[in-house]
Amino acid sequence: MSASEANYDGLIGPTHNYGGLSEGNLASAKNAGLIARPRDAALQGLAKMKQMADAGLVQGVLPPHARPALSELRMMGFSGSDEEVLANAWRANPVLVRNMSSASCMWAANAATVSPSADTNDGRLHLTPANLSTMLHRSIEHEQTGRALKAAFPDEDRVTVHDALPLQTTYADEGAANHVRLCAAHGDQGVELFVYGRNAFGKTVRTDFPARQTLQASHIIATHHGLSDVRTVFAQQATRAIDAGAFHNDVVCVGARQCLFFHEYAFEDTDATLEAITKAADGLFTPDFVEVSNDEVPIEDAIKAYLFNSMLVQMPGKPRLTLIAPTETEDNLATREYCKKLTGGNGPIGEVIFVDVRQSMRNGGGPACLRLRIVLTEAERAAANQKMLLDNGLYTELSAWVKKHYREELAPDDLGDPNLMRESFTALDDLTGIMELGSDFYPFMRG
Ligand code: SUG
């Protein structure tokens with residue numbers, strides 16, 4: 001069936017800041033406390049979306065969540081008016097408020113795991129919002145994410161948006177950041193690769209940094225989505241990759257169509273992983289493995305420059321795949337030289353385009369983190385919420401909205417400012433009008 005891949009990007013919210021909240025994410029730790037530039041961040045994200053839409057790709061927008069998360073603070077016992085809740089929580093524990101104020105839902109690759117209808121036994125598109133239970137600031141995203149995905153895909157006959165898995169360490173799930181789909185053409189049945197950091201029922205493997213995704217979470221999602229056992233692969237992320245700072249598999253691996261592009265250190269057992277993928281693809285396509293050795297690109301450079309946290313896309317009319325990499329990949333000598341070599345030969349990747357998402361990158365979020373890939377058949381796309389798809393009109397409106405409402409600068413201590421909270425809620429209220437999200441989309445609208 002004919003289908004295309006849409007990229008739904010997280011629109012960067014007004015509280016974008018450098019909170020230092022993600023242990024194991026080297027950029028988040030390094031840049032903790034820096035002055036953030038929310039307006040620039042959101043405009044950089046929008047510029048990337050526009051560039052993809054202009055190139056002929058289907059581009060969706062996922063609205064930011066309401067922050068600070070007052071309902072969570074109330075649940076923790078802070079009471080009174082909204083201003084009082086914020087002031088009391090800030091007085092009690094600014095770190096808690098930082099966690100409840102993160103704009104982390106911008107990293108839409110962590111929003112959900114997606115299985116296109118070509119892969120599922122009921123022929124429906126399945127999405128499971130990630131519980132993101134490993135990190136406090138991210139564990140509060142899944143409910144609003146589910147609401148946004150249901151708004152984006154209102155056709156209940158074609159699309160199932162599941163509940164997130166239980167918030168328990170055994171079921172820790174990070175969404176599409178630990179999931180790759182390979183296929184001959186987007187609309188054909190594909191092979192789904194789930195990459196887990198730990199087996200919660202196995203022997204504890206010590207990592208210096210958290211291994212966020214469990215095998216158990218990946219198993220349940222594959223079952224819920226009705227995937228074929230034969231076409232599904234579960235592979236373990238290498239401990240040394242996690243300890244080098246690859247907190248998600250998509251920091252060291254990206255795949256598209258038949259091509260899997262990955263670092264030598266990405267998987268615990270590379271040979272077994274590639275063999276399993278080849279077997280799962282038997283009769284569908286022949287995988288094209290592009291493995292980058294540590295000699296060519298040391299893992300430290302790969303993680304610093306985010307070479308693999310690139311979008312790998314099939315641009316209309318282009319014979320080979322295009323890698324949409326962050327400008328940091330161009331700045332780093334090893335990755336810049338590698339990119340020249342990559343596109344110089346006859347391999348599956350023919351072009352690299354660099355995009356500036358530096359504000360997000362300082363929190364460890366590259367071009368691939370900012371988007372959730374959703375393969376849509378023509379019928380599914382026609383039934384999707386058109387107001388959440390980016391065209392010139394929406395781009396212009398959203399850019400003006402950002403310029404009107406967002407602060408230019410934000411320090412972590414500004415998160416205790418009640419004016420920032422009001423400004424943010426006013427902005428989001430306005431956004432529900434622009435994107436026609438309804439009068440109960442955000443918790444603060446529901447009273
Ligand atoms: O979960 N950073 C995010 C980055 C997510 C990147 N996504 C993918 N690799 N797909 C994270 O670690 C930092 C927030 C802070 O420190 O303020 C943060 O949450």
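## The largest cavity

In this predicted model, three strands, β6 (179-182), β9 (253-256) and β15 (371-377), each contribute at least two residues to the lining of the largest cavity. Strand β15 provides the largest share of that lining, with five residues. The cavity holds about 280 Å³ of space. A total of 23 residues line the largest cavity, and those closest to its centre are Glu5, His179, Val180, Arg181 and Arg373.

By class, the lining of the largest cavity comprises 14 nonpolar, three polar and six charged residues.

## Other cavities

Across the whole structure, a search finds four cavities of 30 Å³ or more. The second largest cavity contains about 200 Å³ of space. Its lining is made up of 23 residues, with Ser22, Ser104, Trp107, His137 and Asn363 closest to the centre. In the lining of this second largest cavity, 15 residues are polar, six are nonpolar and two are charged.

## The sheet that contains β15

Strand β15, which supplies five residues to the lining of the largest cavity, also belongs to an open sheet of three strands. The order in this sheet is β2-β1-β15, and the pairing is mixed. Because β2 (58-62) and β15 each have a single partner strand, they stand at the edges, and one side of each is left without a neighbour in the sheet. Neighbouring strands of this sheet are turned against each other by 30° on average, direction ignored.

Strand β1 (residues 3-10) pairs with β15 in the antiparallel sense, over seven bridges. Within the sheet, Asn7 stands opposite Arg373 in β15. Arg373 is also listed among the residues closest to the centre of the largest cavity.

Strand β3 pairs with β4 (residues 125-129) in the antiparallel sense, over four bridges. Val114 stands opposite Leu127 in β4.

## Packing of α2 against α16

The axes of helix α2 (residues 38-54) and helix α16 (residues 392-405) come within 10 Å and cross at roughly 175°. Since angles over 145 degrees count as roughly antiparallel, α2 is roughly antiparallel to α16.

On the α2 side, the contact involves Arg39, Ala42, Leu43, Leu46, Ala47, Lys50 and Asp54. On the α16 side, these residues meet Asn392, Tyr395, Leu398, Ser399, Val402 and Lys403. By class, the contact of α2 with α16 has seven nonpolar, four charged and two polar residues.

## The largest pocket

About 500 Å³ of space lies in the largest pocket. Of the 21 residues that line it, Leu70, Ser71, Glu72, Pro443 and Arg446 lie nearest the centre.

The lining of the largest pocket is divided by class into eight nonpolar, seven charged and six polar residues.

## The second largest pocket

Sixteen residues form its lining, and Ala27, Lys30, Asn31, Lys304 and Met361 are nearest its centre. Two or more lining residues come from each of α1 (26-30), α11 (299-305), α12 (327-331) and α14 (358-361). Among these elements, α1 gives the most to the lining, with three residues.

By class, the lining of the second largest pocket has six nonpolar, six charged and four polar residues.

Definitions and conventions: Residues numbered from 1 in each chain as written. Predicted model: local features only at pLDDT ≥ 70, side-chain atom pairs only at ≥ 80, totals over all residues. Heavy atoms only, no water. 1 Å grid on protein atoms, 1.4 Å probe; cavity = no way out; pocket = protein on both sides within 12 Å on 5 of 7 lines; lining within 4 Å. Points joined across faces, edges and corners; volume = space filled by probe spheres on them. Nonpolar A, V, L, I, M, F, W, Y, C, P; charged D, E, K, R; others polar. Pairing = 2+ DSSP bridges. Axes fitted to C-alpha atoms, helices over the stretch in contact; angles between N-to-C directions. Parallel < 35°, antiparallel > 145°, perpendicular 65-115°, else oblique. Contact = heavy atoms within 4.5 Å.
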